[in-house]
Amino acid sequence: MKEFRILEIKQSVFADNDRQAGELRRELRERGVFLLNLMSSPGAGKTTTLMRTIEALKATLRIGVMEADIDSDVDARTIAGSGARVIQLHTGGMCHLDAAMTRQGLEGLGAGDKESSRKAGPSLPQDIDLAILENVGNLVCPAEFDTGASKNAMILSVPEGDDKPLKYPLMFSVCDVVLINKIDVLPYFDFDLEKCREYIRMRNPGARVIPVCARTGEGMKEWTDWLLEQVKDWREG
């Protein structure tokens with residue numbers, strides 16, 4: 001007979017988060033809100049990609065953005081210039097967001113909804129079609145936690161190298177779409193685009209791969225068309 005109990009803490013934490021994420025996803029579908037979880041390493045171009053995305057879709061969709069960082073409000077200030085509703089989330093040193101944190105952020109966005117603000121207590125947004133979570137920049141922790149997102153996207157930039165799908169398998173396996181950003185500098189880096197596609201397929205055969213340059217706009221229409229179709233399917237589903 002054992003003299004002590006063994007508690008699988010990590011398993012318990014993940015199970016509880018998965019339950020909360022499923023509930024959040026259900027509520028968002030009921031409200032017709034599509035939540036995109038956007039992940040990448042620092043410097044891959046998330047904020048620049050977001051600015052291009054918002055510019056392309058703001059005439060069609062009501063967009064809200066949650067900027068998650070350990071500290072600072074630099075990115076939130078940048079996004080505020082796009083005209084989209086934005087809220088800054090400080091994680092207090094944590095390297096990812098989970099479902100409960102994401103709910104807090106969405107409730108913060110919901111504070112801009114006049115109908116919701118008249119109700120007692122916090123509420124998820126009802127006047128946003130597309131909510132985008134710019135997750136904390138790294139390729140490990142954010143991939144481990146389901147945020148309740150409708151779809152997961154990640155950005156891999158050319159300077160990072162084409163072998164990242166081999167080194168960070170979970171990140172690429174949980175994403176529905178991978179944007180390969182900064183393709184304008186392909187001639188200057190040892191980056192094999194087709195080899196990278198192959199590595200991504202090894203991890204996730206169903207992932208959509210879209211080469212883009214957020215700085216110049218190259219490839220961005222394919223990305224925004226894909227996103228717009230996903231939002232439409234989510235709201236009609």
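Predicted model: local features only at pLDDT ≥ 70, side-chain atom pairs only at ≥ 80, totals over all residues.
For most residues other than glycine, phi is negative.

The largest nonpolar core comprises 26 residues, of which L36, I63, V65, L130, I132, W223 and L227 touch the most other members. At least two residues of this core come from each of strand 1 (34–40), helix 2 (46–57), strand 2 (63–69), strand 4 (130–134), strand 5 (151–157), strand 6 (177–181) and helix 10 (220–236). Among these contributors, helix 10 gives the most, with six residues. When residues up to four places away in sequence are left out, I132 is found to touch L36, L38 and L50, together with I63, G64, V65 and M66. Another core, of 18 residues, lies apart from the largest one and includes A143, F172, A207 and V209.

V209, a member of this other core, is placed in strand 7 (residues 208–211). Its relative accessibility is 13%, and V209 therefore counts as buried, since the limit for that class is under 20%. With neighbours within four places in sequence set aside, V209 is in contact with V178, I180, R197 and I200.

N37, found in strand 1, is buried, with a relative accessible area of 1%. Beyond its neighbours up to four places away in sequence, N37 touches L133 and N135, as well as T147, A149, K151, N152 and A153. I54, which lies in helix 2, is likewise buried, with a relative accessible area of 1%. The contacts of I54, counted without residues up to four places away in sequence, are with I63, V65, I79, S82 and A84. I54 and V65 are eleven residues apart along the chain, and their C-alpha atoms are separated by 9.5 Å.

In helix 1 (residues 9–31), F14 was taken as one point of reference. At 22% relative accessibility, F14 counts as partly exposed, because a residue must fall under 20% to be classed as buried. Apart from residues up to four places away in sequence, F14 touches E144 and F145. Its C-alpha atom is separated by 9.5 Å from that of D98, a residue 84 places away along the chain. D16 also lies in helix 1 and counts as partly exposed, at 37% relative accessibility. The C-alpha atoms of D16 and R62, which are 46 residues apart along the chain, are separated by 31 Å.

Rolling a probe the size of a water molecule over the atoms shows where empty space is left. The largest pocket holds about 150 Å³ of space. Its lining consists of 13 residues, and of these P42, G43, K46, D75 and G137 lie nearest the centre of the pocket. Helix 2 and strand 2 are the elements that give two or more residues to this lining. Sorted by class, the lining contains four nonpolar, five polar and four charged residues.

The structure holds zero disulfides. C95 is partly exposed, with a relative accessible area of 27%, whereas C141, at 19% relative accessibility, counts as buried. The value for C141 falls under the 20% limit, and the residue is therefore assigned to the buried class.

How values were computed. Residues numbered from 1 in each chain as written. Heavy atoms only, no water. Core = buried A, V, L, I, M, F, W, Y, C linked by side-chain atoms within 4.5 Å. Buried < 20%, exposed > 50% of the residue type's maximum accessible area, 1.4 Å probe, protein only. Helix = DSSP H or I, 4+ residues; strand = E, 2+ residues; numbered from the N terminus. Contact = heavy atoms within 4.5 Å. 1 Å grid on protein atoms, 1.4 Å probe; cavity = no way out; pocket = protein on both sides within 12 Å on 5 of 7 lines; lining within 4 Å. Points joined across faces, edges and corners; volume = space filled by probe spheres on them. Nonpolar A, V, L, I, M, F, W, Y, C, P; charged D, E, K, R; others polar. Disulfide = S-S within 2.5 Å.
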